[in-house]
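Where does this protein leave open space, and which residues line it? Here is a short briefing on its pockets.

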Amino acid sequence: MKPARDLGLAPGERLRSQMREAGLGGALLQGVWRRLVRGYLRAAHSLCVEGRENLPASPPFVLVANHCSHLDALTLSAVLSGEAARRAHVLAAGDYFFGNAAASAFAAYAVNALPVWRKRTGRRDIATLRERLVQDRLVYILFPEGTRSRDGRMGPFQPGLGALVAGTAVPVVPCHLHGAHAAWPAGRGLPRPGPLRLVIGPALDARGLTNDRAGWEALARGCETAVRQLGEAG
C-alpha cells in the first residue's frame with residue numbers, strides 16, 4: 001500500500017492541492033453528489049447520451065469537450081460509472097473554483113475537481129498532473145478552450161491538453177454537449193430547464209505524438225477537429 005499523496009498537508013492546503021486524494025468520506029460524498037446530479041439532469045434536462053460505447057473500459061483516459069456552461073463538467077462527470085466515476089477529476093480554474101474556503105471545499109469534496117491556476121501553472125504542476133493521470137489511473141475531464149464561450153460558439157483549443165498526454169497510451173475521448181448554452185449560459189445565476197444531448201466520439205491516440213510544443217499543438221488540433229465534427233453531425 002502506498003501512502004496517500006496528500007499525507008501531511010494542512011486541511012486548507014489539501015483542498016487546493018493537485019495531490020489531493022478523496023479518502024473514504026470524500027468518496028461517499030461524491031457518490032451522493034453524482035446520484036443527485038444524475039437525477040437532476042434526467043428531470044430538468046432529459047439528458048440523452050450517444051456513443052457510450054466509445055468510453056474506454058477502464059481508466060486512465062481523458063474526456064475533452066466544448067465549453068459554454070457550468071453544466072458541461074456536471075454532465076461529463078455524471079455519465080461515468082464504476083471505477084471511472086470514482087477516479088474522475090474535473091480540471092478546474094483555480095482562481096474561480098478555489099478562491100475561498102467554501103468554494104474550495106465544494107469543488108474538492110463534491111465535484112472532485114483539481115485546480116489549474118491559469119496565470120501561475122508551471123511545468124512542475126503539469127508534470128504532477130501527467131504523473132498522477134498515468135500512475136494513479138485517473139480520469140480527467142477538461143475543456144481545452146480554457147474558458148466558457150459567451151455566445152455558444154466553440155473557440156480554439158489550447159495546447160495544454162497535449163502536455164498531459166502526448167506520448168502516453170492514455171486515450172483522449174472527444175465529446176460534444178448540445179443545449180448547455182441555452183440552459184445555463186455564462187452570466188446567468190441558475191440553470192433553466194431544457195434538453196441536453198451529449199455525443200461521445202471515438203478515442204484519439206496520443207502515443208505517436210512528441211511531448212513538446214509541436215506534439216501538444218497537434219493533439220489540440222486533432223481534438224478540436226473531432227469535437228467540432230461531433231457538433232456538426234448533431
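The model is predicted. Its largest pocket holds about 1400 Å³ of space. The second largest pocket holds about 550 Å³.

**Largest pocket: position and lining**
- The lining of the largest pocket counts 48 residues.
- Closest to the centre of the largest pocket are Leu91, Ala92, Ala93, Val116 and Gly146.
- By class, the lining of the largest pocket splits into 31 nonpolar, 8 polar and 9 charged residues.

**Largest pocket: contributing elements**
- Helices that each supply at least two lining residues include α2 (23-45), α3 (71-78), α5 (94-97) and α6 (101-109).
- Also in that group are α7 (123-135), α8 (160-165) and α10 (213-233).
- The strand β3 (88-93) likewise supplies at least two residues.
- The top contributor to the lining of the largest pocket is α7, which gives 5 residues.

**Second largest pocket: position and lining**
- About 550 Å³ of space lies in the second largest pocket, and 20 residues line this pocket.
- Glu21, Ala22, Arg86, Arg87 and Leu138 are the residues closest to its centre.
- The lining of the second largest pocket has 10 charged residues, with 5 nonpolar and 5 polar.

**Second largest pocket: contributing elements**
- At least two lining residues each come from α2, α4 (82-86) and α7.
- Here α2 gives the most, with 4 residues.

**Elements at both pockets**

Conventions:
Residues are numbered from 1 along each chain as its sequence is written. This is a predicted model: local features need pLDDT of at least 70, side-chain atom pairs count only at pLDDT 80 or more; totals for chains, interfaces and linings use all residues. Side-chain values use heavy atoms; hydrogens and water are left out. On a 1 Å grid over the protein atoms alone, a cavity is a set of points where a 1.4 Å probe fits but cannot get out, and a pocket is an open set with protein on both sides within 12 Å along at least five of seven lines; lining residues have an atom within 4 Å of a point. Grid points are joined across faces, edges and corners, and a volume is the space filled by probe spheres set on the points. Ala, Val, Leu, Ile, Met, Phe, Trp, Tyr, Cys and Pro count as nonpolar, Asp, Glu, Lys and Arg as charged, and the others, Gly among them, as polar.
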